[in-house]
Amino acid sequence: MTFSQWLSHSADADFESFVRTRRDLLQPESPTMAALAAAASSRIGVSRGIEALDAQTLEVFISLAKAARTKPEIEITGNPHLDPTLTEAALPRLRDLGLAWPADEDAGAGGSGRSGGTAAAGVWKIQSEAITLLPTSAAESSRAYPWQIDSTSIDSSTATIGQPLIHNSEQAAVAEVISSLRGLVDELAASPISRLTSGGISKRDVSRLARTLELNLEQTITLLQAAKSLHLIGVLDDALDPQWTAADDADSVLAGDRAELWAALVGAWLRELLDVTQLAAGASENERLTVLTTPKKSLFKGYGLSVPAMPLLRFAVLSVLHDIGLGSARSAGWIHAEVLRRHPLLPAHEFAMTEAVLHTCVTFGLATTPLQQPDHFGPSRFGLRLAAGLDRAMAEHAKQDPSNLPLGVSVEALTVPGDVIAAVTEGLGAEVDTVLIQSDLTAVATGPIEPRVHHILRKYAVVEARGQGTVYRIDAETIEDTMQAGLTPEEALAELAEISAEELPSTLEFLVQNTASKLRRVRVAGARAVLIVDDPVDLDVILSDQAMMPAGLERLAPTVAISQLGPERTMHLLEAGDHHALLHSAAGPVRKRRVITESEPEVSVRRRPRVSDGHLGEYMRILRSAPAAAAAQTSTDEPLGHMDRLREAAEAKQRVLIRIADSQGKERTIEMLPATLNAGRVRGVVTTTGAEASLSVARIVSVTPSP
């Protein structure tokens with residue numbers, strides 16, 4: 001019994017279960033049983049069904065596929081290669097997905113061909129495309145499957161996490177990751193990083209950035225990729241030296257609502273296609289990788305899923321954490337094994353990848369770890385809400401667009417729900433608008449700091465420690481860099497006094513005045529560029545410095561010289577020669593170079609119309625009302641009929657006449673003795689020439705028995 005025949009004669013309950021499970025196959029423009037069977041039997045239809053299997057069902061299906069290599073009809077009862085208990089549990093799921101069906105003649109009357117009230121009985125058939133999609137060869141069968149993990153090596157213990165620890169850790173994590181993101185963008189604004197010819201930044205620059213932000217390498221890469229996705233960083237529009245730096249509107253975005261910023265950060269991470277462990281290592285299975293570049297090849301080998309590997313892995317990890325429950329924690333090894341049990345064909349099947357996702361969940365406040373058990377992970381309140389919200393979003397998205405079924409995961413639906421954002425808003429404390437500036441030239445913010453205050457401090461200080469609070473170190477070099485733009489000591493001290501919780505210490509006032517006194521000795525004014533000094537001796541030293549030769553300095557007066565270069569380049573030469581200087585006027589025009597943020601190219605996806613929930617019942621009625629005689633055609637124009645007839649001819653060793661169209665649309669007829677049919681091609685012997693041939697099923701117009 002072919003699949004199309006089983007669909008026509010199956011029990012109403014079995015047919016409805018199949019249609020509701022494989023709504024991705026339904027075509028409103030062609031409500032026929034033949035079209036439905038053709039879609040289910042196509043290579044993509046079979047592939048979509050296989051990716052929705054769990055590990056236990058998949059292993060049963062692989063055993064069925066191995067048996068089908070030698071004989072299409074598979075005897076379930078007494079088969080030594082099939083476990084009766086596992087097979088009985090797996091067959092209904094395989095039937096609902098259209099991957100296997102009972103081939104007994106009494107399948108329709110007997111309720112899917114079950115004898116004795118059990119599914120693990122009788123004769124079953126599977127879709128032939130599954131044989132080439134699954135590891136069924138002898139070489140593949142000799143190796144362990146990626147999803148098979150020795151249960152004795154897994155720590156199955158459960159740990160308990162107290163509610164106060166969960167609340168404190170999730171709130172601290174959210175505040176710290178927002179601070180780290182702001183710090184990263186701020187650091188790139190202060191010290192842009194040269195772009196490589198490949199388009200990204202070097203691992204050395206990423207490591208330096210990680211040390212500055214006091215983050216590990218993987219955390220820094222995660223934030224860099226998210227900042228790029230959110231258009232917070234971009235490339236400076238400079239043909240001579242393109243550099244990665246902060247976007248022009250980054251300050252306004254980072255100064256917005258912190259919960260919204262956190263939600264955007266988490267959403268960008270959920271949808272990120274790249275794996276942080278591969279970026280940290282600098283290579284995937286197929287090519288070398290650089291941070292902030294787009295790879296040219298697929299990151300993973302193995303089974304190709306309809307959903308990118310990393311978004312699916314992150315979604316699966318959040319689902320497992322949700323099922324663990326609030327207040328409990330399981331080991332990373334157990335979580336990894338559970339992810340592979342649910343999605344055994346996941347290409348991102350390395351333990352290190354799952355572990356990196358778990359650590360990122362902790363960084364974002366979505367998961368927590370028990371005290372003294374850092375290898376165990378449990379969900380936070382935010383993580384539970386996010387996982388539940390994503391499940392609802394996936395279900396709603398499937399109603400609007402069933403094309404992502406039966407797996408039921410869509411990258412478009414990976415966004416943070418509003419109730420999670422509201423919960424994060426309640427958990428975040430208020431931002432501080434003043435800092436304590438101490439006599440040792442440190443400024444301490446006792447909580448999350450307002451972006452405005454942070455930007456003022458970064459003009460005069462460097463970040464020394466981050467967390468829920470921030471410690472800044474004020475030094476002469478940073479003050480000098482700021483005052484070189486023409487800021488007076490009085491303006492600098494007034495700006496610091498505005499954000500100081502107490503009176504400024506005398507040590508700070510002395511440092512600012514002393515730095516300003518050095519800068520007043522030499523000034524740079526815009527013309528081509530004009531150097532004005534207070535002491536002629538200072539100009540003598542500058543003119544005698546070989547490092548200043550490119551400027552082409554010409555002395556006009558004892559304290560005045562002109563340069564052949566502009567003010568910016570002249571300042572660079574003075575700094576290189578260790579000559580302290582400042583710009584003559586802060587109000588002068590400054591050329592601002594544009595920052596180009598990179599975004600993914602817009603892709604227009606044409607979606608076929610789908611059958612809505614309201615019309616599903618009517619659609620099934622139309623399918624079931626088709627005359628049964630239609631299945632008994634001697635020739636057919638749909639691919640399923642071709643495959644059925646070719647498969648039957650190969651089994652019976654009968655010749656057939658195949659009418660096939662070439663690339664120009666011209667048709668010709670070939671008499672063939674089919675041998676095998678898989679991977680969308682039929683192989684056999686052409687009877688007129690005796691030569692072997694391989695024909696694409698997609699080009700076959702009709703198949704009829706040879707007279």
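**Domain contacts and salt bridges in a predicted model**

Between domain 1 and domain 2, the count of salt bridges is zero.

Let me first set out the layout. The chain is divided into domain 1 (3-109 + 121-142), domain 2 (159-425), domain 3 (436-520), domain 4 (525-600) and domain 5 (635-705). The centres of domain 1 and domain 2, taken over C-alpha atoms, are separated by 36 Å.

What, then, lies between domain 1 and domain 2? On the domain 1 side, 16 residues are in contact with 15 residues of domain 2. The size of an interface is often given as the accessible area lost when the parts come together. For domain 1 and domain 2 the buried area is about 1300 Å², and carbon and sulfur atoms give 58% of that. Arg 23, Arg 48 and Glu 51 supply 43% of the area that domain 1 buries against domain 2, which is more than any other three residues. Although no salt bridge is counted between these two domains, four residue pairs are in polar contact, both partners being at pLDDT 80 or more. Helix 4 and helix 5 (55-68) each supply at least two residues of the side of domain 1 that touches domain 2. The largest share of that side, four residues, comes from helix 4.

Is Ser 47 buried or exposed? Its relative accessible area is 14%, so Ser 47 is buried, the limit for that class being under 20%. Leaving aside residues up to four places away in sequence, Ser 47 touches Leu 133, Tyr 303 and Gly 304.

I turn now to salt bridges across the whole structure, which holds 22 of them. Side chains of opposite charge can pair when their charged atoms come close. One of the pairs is Arg 624 with Asp 12, whose closest N and O atoms are 2.8 Å apart. This pair links distant parts of the chain, with Arg 624 in helix 26 (residues 613-624) and Asp 12 in helix 2 (residues 12-21), 612 residues apart. Arg 624 is partly exposed at 27% relative accessibility, whereas Asp 12, at 56%, is exposed.

Helix 2 also holds both Arg 20 and Glu 16, four residues apart, about one turn of the helix. Their side chains meet in a salt bridge of 3.0 Å, N to O. An α-helix has 3.6 residues a turn, so residues three or four places apart point the same way. Arg 20 is partly exposed at 45%, and Glu 16 is likewise partly exposed at 34%.

Another salt bridge joins Arg 392 and Asp 419, with 3.8 Å between the closest N and O atoms. Because Arg 392 lies in helix 18 and Asp 419 in helix 19 (residues 418-427), the pair ties together parts that are 27 residues apart in sequence. Helix 18 (residues 381-400) also contains His 397, which counts as buried at 17% relative accessibility.

Finally, a network of salt bridges links Asp 323, Glu 338, Arg 341 and Arg 342. As for helix 15 (residues 309-324), its 16 residues reach 23 Å from first C-alpha to last, close to the 22 Å expected. Helix 15 is mostly covered, with 14 of its 16 residues buried. Just after helix 15, Gly 325 takes a positive phi of about 95°.

Definitions and conventions. Residues are numbered from 1 along each chain as its sequence is written. This is a predicted model: local features need pLDDT of at least 70, side-chain atom pairs count only at pLDDT 80 or more; totals for chains, interfaces and linings use all residues. Side-chain values use heavy atoms; hydrogens and water are left out. The expected span of a helix is 1.5 Å times one less than its number of residues. Buried means under 20% relative accessible area, exposed over 50%, partly exposed in between (1.4 Å probe, protein chains only). Contact means heavy atoms within 4.5 Å. Domain bounds come from an automatic or database domain assignment. Buried area is the accessible area (1.4 Å probe) that two parts lose on being put together, summed over both. A salt bridge is a side-chain nitrogen of Lys or Arg within 4 Å of a carboxyl oxygen of Asp or Glu. A polar contact is a pair of N or O atoms within 3.5 Å; within protein, one must be able to donate a hydrogen and the other to accept it, and residues adjacent in sequence count only if both atoms are side-chain atoms.
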